[in-house]
Each structure stands twice: as structure tokens, then as C-alpha cells.
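Here are some notes to read alongside the model. Please keep the structure open and go through the points in order.

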2 protein chains.
Amino acid sequence: VSENPQLLPSWRPGPVRDAVTGFLDAAMEVAPRDRVACLDNDGTLWCERPNYVQLDFFIDALRARTAEDPSVASTPEFAALLSGDKAAMGELGLARIAMALVGLFEGMTPEAFTHRVRDFLDRATHPTLGVPLRAATYRPMLELIDALRSREFTVCIVTGGGTEFVRAISQDLYGVPPEAVVGTMVTYAYSAAPAGSDGIPLPLLRRTTGLTGEANEGATKVSNIQAQLGRRPILAAGNSGGDRQMLEWAAGGDGPTVALLVDHDDEQREFSYVSSAETFAEPEPITEVGARQGWTVVSMANDWATVFGDDAFGGDKPSPAG
Amino acid sequence: VSENPQLLPSWRPGPVRDAVTGFLDAAMEVAPRDRVACLDNDGTLWCERPNYVQLDFFIDALRARTAEDPSVASTPEFAALLSGDKAAMGELGLARIAMALVGLFEGMTPEAFTHRVRDFLDRATHPTLGVPLRAATYRPMLELIDALRSREFTVCIVTGGGTEFVRAISQDLYGVPPEAVVGTMVTYAYSAAPAGSDGIPLPLLRRTTGLTGEANEGATKVSNIQAQLGRRPILAAGNSGGDRQMLEWAAGGDGPTVALLVDHDDEQREFSYVSSAETFAEPEPITEVGARQGWTVVSMANDWATVFGDDAFGGDKPSPAG
């Protein structure tokens, strides 16, 4: 086990930190081309409560649209969302509401969408933590990404969120390039009208309202990892039922592997909640799945000395007045 | 224009080489994250005549299967292929024959398929050139890949062939990792039966007989570049009608760009043929599309001093007796 004090300084000493540093040491025996790490984003690399950041982005875009055209607000999906009517939202279902929100960007080019996401994240603050949204990343996980990258890992983000949404910030927040982001992918329409009298076409990709394949959760994460990345991870990190199959996929490989599960048990510095996984007949708390299967379950409260970066909070949740 | 004599030594001096080296110089003004190159494989990086290498691989697998089970040979698609009955093959169509061949690998894991491809390429020889198939890469293009990589380009292969087939050899032949190979993708089935009494699942991905999306040709190449890589190339290279949209996509971007079209006009050292592109109403030779749109059309006969690597031919096609 590595004794380097510079390694993972925000992780408290103990069996979880030892498991992670022990894996980092053992991975040096693995061929570099097999050093692949797949990390979930929401709730694993940054805070997902009280809302997914992408939902805040969608609502911001919806407010801008309704300011231009108030009639948009009467669409059932948007009316339920804007009024916070949880009964109506439950009846419509999250998938239908999400697709209505995706529709706000129909016809937009990839570049315009990326610009829109970055503009939002440059100005948005976390609704309860009182800090910039982009500062709500977990410092221990950023340290882990750095440690992996310095050991020649290919570090990938495998998210249930929109691929293009996460790509807009993955390089800046995590140093992860667009091709290493695997998520829920919108379908593009290609067109190439001749641009002028020279007859040279002007190719365009424009967002549609459809998805390419399924939402990137559960077993779909595993299939999409193979389809897009072509390699099996030896480290996977997640925090919810939607990450279960990806963690099992990493844990079940040959040689040194690790499945990291972030347990949100830190009401004081972050939030306290447990996600369920559909395993056999009954939903099972994901932390119990992890304990049963021998994953490395990371207690935010006990295993992380610091949750957020210095830039954000100096390591602690600010007071409500902060 | 760079005067470095070490740069692209297998390219003959002239306007085409100048266009390529001029682009390499100009690209240094582009942010590294936008230095993306997308290169077709068959006919652009390695020889595609008289057969696609992947077709030779398929036929090899079909022969192995029929040796085990002779009844397989009576399947109409396979019977036409094994007898070389071009009329029957034309009637069945290449797409149907290809899908029948994909079916030979149904149920196989990604690792087993990769092993199978590598085994084939370790022993296969080119049917007319009399050299190992893996030596039938174009040395000038390998030099271009090296030059791009040394200038911090992300070098990607965008192929109409099978993604997993090309991934099996892309690192060794081109230094391109699996996530940078965009091709025609088989669909996997995921399963995770509990492996034993401990109840820990054994996750498996197995090949099906279906494709994920469309065959990766034409406009689909552009959509798939965005879906998998998330960036627009500033260099694209191809040789056929199926590359047209990708070349237009690269050429139409901002800043320095180049669209390279390999023209197979070298009967003596390689092969002589022209692919057609569906442009307006009528098919148009792809070389004419390129000339009209201002692409950099590379004459194998005139612009390449050497076609194949030293390992293969000493730079020239061997005699029929070779």
C-alpha cells in the first residue's frame, strides 16, 4: 500500500483509502491499454441534490423560452415543472418531462448547445449551498481522477445525463475529453444544402427531439461502454441503482479491479439519501448491494476529510447565511 | 510551408505534399482540443482490393464453420459467397450477405471476437500481393498519422467496416485506441446470471446479429463522429463515395481544414479504380466531386514515392511470382 502523503490528501486514512491506494498500486501491473476507469457523474463526481444540475439548466432554458413566448408555459409537462406540482409530475413521468425539455433545443447545432451549457454554468449557483454550481464537485474524486491519470489510466465519465451536456464541462471540470464521455445521446439530423453559387455544400448537424438508443442507465451503461469505448473498465465508480451493472462489470473482470460506491451519508456537509437498485424481486438499497458484493463503499461522512474544493467552501458546507 | 526533410518522406514533393505540410503548420494555431483528424480505413489507410480485409476474415470464419458443420454451406448467402456466384450475390445484396456473416459470431464475447480477428491477421496473406495482410497499409498515411500525433492531434479512424473488427488491430497498426474507432457497430446483449452460491453476478456481453444504428457510411459517418467523438474534425481523409459527407464536414469548418481524397490511380503498385458518390441526381466519380469542391486529391501514382512499408514490398508491388 502506497505511503505517499501527497496521494489522495482529502481521503481520511482507513480501510477505504487503503483499498483505493492498494488498487492504484496493483494497477501498475496491468498493461496501460487496460487501465480504464469509468466514473458516473451526478452524485459521484458532483452534487446531484436537490436537483440534477442538468434539470436546473433545463428549467433555466424553459424560463428563458417562456419569457419570449408565454404560451409555452401551458404545455402540461412544463406547467407541472414550473409550478413544482409533484403530483402532476409523477403522473406525467420523468421520462416524458425530460423529452419535453430536450425539445427546447430542437434544431440547435452542437456548438450552440455547448455554448448555452457553458453560459449557464458560468452564472448558476447551487440552490441551497450558495456557491457556484461548477464548484459543487467532490474534491476527493478530483484527486482520484488526477491519481488515475498520472498512472496512465484512460479516465471516462459514464453518465445517465445528456452526453453533450456533460461534454460541455467535462474538459474544464475533470480534464476528460468529449470522446471519453458516455451518456444519454440526442439524435442529430444531418443536412447539407449547397451554400452558394459555387455549389459547395454547407453541412449541418441539428439536434432532434429523439434519443440515440436508450437512456444511459443500468445495463445500458455496460453496452454503451463497449460500443463507445471498446474496453472494459478495471475501476468503476457510482452512487445509485443505475450504476449497479457498471460496477459489477468492472468488479467481475480479471486482475486488479475496484468498484467504488459513494454513500451519501453526510447530512451536514452534503446530503443524506440512499438510492435503490432493482436486483432480484425487490428493490434493494444500493449500499446493501455493494456490501454484499464486496464493493468499496465510500462513506462521505467518514472517509472524506473534505467534500468540496477549497474554492467553494473551504471544505465544509457553508452556513445557511453563507 | 515546412521544409523539414524528415516530414512525410514517402510523399513526393509537389502541390499535394505542400498542401498537407501547409495544413500541418497552420494547425499549430488551432487549440489542441480542436485538433481532430478522422481517417477512413479501407482504401485510405490500407488496401481494400480485391476484397475488403474484413470480407476475407468473414470467409475464413465461414470456411472454419462449414468444416465443423457442412450444412451451413447451403445457406443461400453462404452458398453464393463460397461459390463466388456474383449473380446470386447481386440478387441477395451485400447488406444481407454481410448480416449473415455477422451471424457467424453470434453469442461471442468482445474479447473472444478480438482474439479471433488478431489470430486471422497474424496468419493471413494478401490474395494477390503475396504479403501479410497486415503489411498492406499505406506507408505515406502512416507517416501522416505520426505527423498528426506529434502535433497533438486526436487521430480517429472512421470506417464503414465493423467497429470491433478495426479496434482489434487499430492500436497495433495505427496507434489508435479503441475509443477513437468509429464504425459499424454490432449490438450486444447483456446478461448477469449469478455465478455461484455467493450470489455475485457474472456479467457478460455477447454479440447479437443486429447493428446499433445504421452502417457507418455517408451522412451516418458525420452523425456518428459527433455521437462518439463529440468534436468536428479539421482533417478528414477518405477514398470513396461513403466518405463524401465526412470530407465535406471537415472542409466546411472554421479555420485551417483539409479534406484528403486518396485516388487509386496506381495500377502498377496498387490498384486502379474510382468510386462514385451520389451527389445531385446522378452518381459522380468521387475524384470529380473532390476536384470541384477544392479537396486535396492525392494521386497514389504521382504523389506517393512509396505505397507500402519496407517490411512488405521495399516500396513496390512484388512480381506475380513474388
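**Notes on the two chains**

1. Start at the rotation axis: of the residues of chain A, A:Q228 comes closest to it, at 3.0 Å (C-alpha). The surface used is the same in both copies, as 100% of the contact residues of chain A recur in chain B. Bear in mind throughout that this is a predicted model.

2. How is chain A laid on chain B? A turn of 180° and a shift of 0.0 Å along the axis do it, with an RMSD of 0.0 Å. The two copies are therefore related as by a two-fold rotation axis. As background, any two copies of a chain are related by a rotation about an axis and a shift along it.

3. Next, the interface. In chain A, 37 residues are in contact with 37 residues of chain B. The size of an interface is often given as the accessible area lost when the parts come together. Here chain A and chain B bury about 3,200 Å² between them, and 58% of that is on carbon and sulfur atoms. Which residues of chain A lose the most area to chain B? They are A:E179, A:Y190 and A:Q226, which together account for 18% of what that side buries.

4. Chain A has an open sheet of seven strands, and their order is 4-3-2-1-5-6-9, with mixed pairing. Strand 4 (201–212) and strand 9 (296–299) of chain A are the edge strands, each pairing on one side only. From one strand to the next, the twist averages 30°.

5. Strand 3 (residues 181–194) of chain A pairs with strand 4 of chain A in the antiparallel sense, over nine bridges. Within strand 4 of chain A, A:L204 stands opposite A:S191, and A:P203 is the bridge partner of A:A192. By contrast, strand 2 (residues 154–162) of chain A and strand 3 of chain A pair in the parallel sense, over three bridges. There A:V158 stands opposite A:V182 in strand 3 of chain A. As a general point for reading such pairs, the side chains in a regular strand alternate between the two faces of the sheet.

6. The sheet of chain B is also open, with seven strands in the order 4-3-2-1-5-6-9 and mixed pairing. Strand 4 (201–212) and strand 9 (296–299) of chain B stand at the edges with a single partner strand each, so one side of each has no neighbour in the sheet. In this sheet the twist averages 30° from one strand to the next.

7. B:D263 stands opposite B:S299 in strand 9 of chain B. Helix 1 (residues 15–27) of chain B packs on the sheet and touches strand 5 (235–238), strand 6 and strand 9 of chain B. The direction of helix 1 of chain B makes about 130° with that of strand 9 of chain B. Helix 8 (residues 163–174) of chain B also packs on the sheet, touching strand 2 (154–162), strand 3 (181–194) and strand 4 of chain B. Its direction makes about 115° with that of strand 3 of chain B.

8. Now a helix pair. Two packed helices are described by the angle between their axes and the distance between the axes. In chain A, the axes of helix 3 (residues 76–83) and helix 5 (residues 94–102) come within 9 Å and cross at roughly 100°. Angles of 65 to 115 degrees count as roughly perpendicular, so helix 3 of chain A is roughly perpendicular to helix 5 of chain A. Helix 3 of chain A contributes A:E77, A:F78 and A:L81 to the contact, and helix 5 of chain A contributes A:R96, A:I97, A:A100 and A:L101. By class, the residues of this contact are five nonpolar, no polar and two charged.

9. Finally, some backbone details. Where in chain A is A:P50 placed? The residue is in the loop between strand 1 (36–39) and helix 2 (53–68) of chain A. A cis peptide bond joins A:R49 and A:P50, with omega about 0°. In chain B, the peptide bond from B:R49 to B:P50 is cis, with omega near -5°. A:L8 is not a glycine, yet has a positive phi of about 50°; A:L8 lies in the segment before helix 1 (15–26) of chain A.

How values were computed
Residues numbered from 1 in each chain as written. Chains lettered and ligands numbered in written order. Predicted model: local features only at pLDDT ≥ 70, side-chain atom pairs only at ≥ 80, totals over all residues. Heavy atoms only, no water. Pairing = 2+ DSSP bridges. Helix = DSSP H or I, 4+ residues; strand = E, 2+ residues; numbered from the N terminus. Axes fitted to C-alpha atoms, helices over the stretch in contact; angles between N-to-C directions. Least-squares fit on C-alpha atoms with pLDDT ≥ 70 in both. Contact = heavy atoms within 4.5 Å. Parallel < 35°, antiparallel > 145°, perpendicular 65-115°, else oblique. Nonpolar A, V, L, I, M, F, W, Y, C, P; charged D, E, K, R; others polar. Buried area = accessible area lost by both parts, 1.4 Å probe.
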